[in-house]
Amino acid sequence: MPQNRSFKPKRPLMKKANNTKSVEEIIRELKAAGQNTNINYRQQSLQIHGLICAKCGREFDEKNKNLLTVHHKDGNHDNNPLDGSNWENLCAYCHDDEHTRGLLGDYITGK
Ligand SMILES: [Zn+2]
Ligand SMILES: [Zn+2]
């Protein structure tokens, strides 16, 4: 009977030890990534659709454009086609209204 002396684990179990990111760290990174995306598509949408609420027609300018929010028509805020076809610029009131109708989706205040 051969003895099992030569048995060695194929991989040292060190990989996991290198991956000691804390949960908090991961969440922080995710948040940072998400915020960057939000800023990007918000700017895009404002540029494409203009500083005007798509619902009530209220106009905004550089000073109060932070009151304009970007609504995702299909409710999926990961769906961000660069031509703006899934975005709608809504003022905070109309955006609220849109979501209280029971639509799922994002709520981005753009702060
Ligand atoms: Zn509005
Ligand atoms: Zn929305």
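Modeller: A residue is buried if 20 or more other C-beta atoms lie within 10 Å of its own. This is a predicted model, and in helix H3, residues 92–100, that label goes to Cys 94, His 95 and Glu 98.

Colleague: What makes the buried residues of H3 line one face of the helix?

Modeller: Look down the axis of H3. Its buried residues fall within an arc of 100 degrees, so they line one face. An α-helix has 3.6 residues a turn, so residues three or four places apart point the same way.

Colleague: What covers the buried residues of H3?

Modeller: The cover includes strand E1 (68–72) and strand E2 (87–91).

Colleague: How do you know that E1 and E2 pair, and in which sense?

Modeller: Pairing takes at least two bridges between the strands. E1 and E2 have 5 bridges, in the antiparallel sense. In that pairing, Val 70 stands opposite Asn 89 in E2.

Colleague: Why is E1 called largely enclosed by the rest of the structure?

Modeller: Count its residues. Of the 5 residues of E1, 5 are buried, so the strand is largely enclosed. Leu 68, Val 70 and His 72 point one way. Thr 69 and His 71 point the other way, and they are buried too.

Colleague: Which residues make up the largest nonpolar core?

Modeller: There are 5: Cys 53, Leu 68, Leu 90, Cys 91 and Cys 94. Membership calls for buried residues of the nonpolar kinds, Leu and Cys among them, joined through C-beta atoms within 7 Å. In soluble globular proteins, nonpolar side chains tend to be buried together.

Colleague: Which residues is Cys 53 in contact with, leaving aside its neighbours within four places in sequence?

Modeller: Contact means C-beta atoms within 7 Å. Beyond those neighbours, Cys 53 has such contacts with Arg 58, Leu 68, Asn 89, Leu 90, Cys 91 and Cys 94.

Colleague: Why does Asn 40 count as exposed?

Modeller: The cut-off for exposed is 12 or fewer neighbours. Asn 40 has 12 C-beta neighbours inside 10 Å, so it counts as exposed. Its place is in helix H2, residues 23–49.

Key
Residues are numbered from 1 along each chain as its sequence is written. Chains are lettered from A and ligands numbered from 1 in the order in which they are written. This is a predicted model: local features need pLDDT of at least 70, side-chain atom pairs count only at pLDDT 80 or more; totals for chains, interfaces and linings use all residues. Two residues are in contact if their C-beta atoms, placed from the backbone, lie within 7 Å. Helices (H or I, at least four residues) and strands (E, at least two) are DSSP runs, numbered from the N terminus. The arc is that of the directions from the helix axis to the C-beta atoms.
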